[in-house]
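Student: Please take a close look at the aromatic rings in this model. I would like to know how they pair and how exposed they are.

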Amino acid sequence: MAFAVFFFTSWLVLALFLAIPKKLSIIENTFVFLIILVISINWTWIIYEEMKLIKSTKDAMDYTAFLLFRSIIIPMILVTQLNLLCRANTFAKSLLNVSTSLAILLLLTFFSTFFNMTNYIKWNIGYDAIYYLSLHVIAYFSLKFFRKSAQSEVKYS
């Protein structure tokens with residue numbers, strides 16, 4: 001059941017990303033996606049394997065669902081959220097946008113524990129909320145850094 005839910009969610013997130021009008025270029029979307037993917041993979045390795053704060057499942061299908069969540073859903077939600085954030089013209093819309101994506105990520109985290117994909121040992125969902133909020137901040141500032149470095153590149157040429 002977990003694989004079906006997370007497979008459907010990953011395709012839904014990808015379809016949503018393709019359907020929305022994008023404010024970021026394909027290079028900016030790719031850069032932010034790769035930054036979040038690298039952080040997500042390393043974060044998972046440190047928290048799950050090195051510190052053993054969360055135990056992941058040994059079932060192959062559930063582990064595949066876990067990989068879909070870590071490697072596709074989380075980065076694509078953040079890239080989609082960043083595209084929508086650039087379109088928001090008020091602070092309230094921006095805050096609503098970030099809150100919605102944070103709620104979706106926390107709901108999917110709840111589903112991962114509900115379907116026994118992950119088992120919290122010395123962890124709770126509040127730490128995940130802080131982690132996802134940090135990912136939002138990192139995505140935003142990595143985009144700012146990328147745009148600033150691209151602009152300074154143009155000035156010198």
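Tutor: A term first: a residue counts as buried under 20% relative accessible area, as exposed over 50%, and as partly exposed in between. The model is a predicted one. Phe7, at 38% relative accessibility, is therefore partly exposed. Phe3, with a relative accessible area of 26%, is partly exposed as well.

A search of the whole structure gives 15 aromatic pairs. For Phe3 and Phe7, the ring centres are 5.6 Å apart and the planes meet at 25°, so this pair is stacked; the cut-off for stacked is an angle under 30 degrees.

Trp43 and Tyr131 form another stacked aromatic pair, with 4.5 Å from centre to centre and 10° between the planes. Trp43 lies in helix α2 (residues 26-50) and Tyr131 in helix α5 (residues 125-156), so the pair ties together parts that are 88 residues apart in sequence.

One ring has a charge to consider: the charged end of Lys22 sits over the ring of Phe17, 5.0 Å from the ring centre.

Terms used. Residues numbered from 1 in each chain as written. Predicted model: local features only at pLDDT ≥ 70, side-chain atom pairs only at ≥ 80, totals over all residues. Heavy atoms only, no water. Phe/Tyr/Trp six-rings, centres within 6.5 Å; stacked < 30°, edge-to-face > 60°. Buried < 20%, exposed > 50% of the residue type's maximum accessible area, 1.4 Å probe, protein only. Helix = DSSP H or I, 4+ residues; strand = E, 2+ residues; numbered from the N terminus. Lys NZ or Arg CZ within 6 Å of the ring centre and 35° of its normal.
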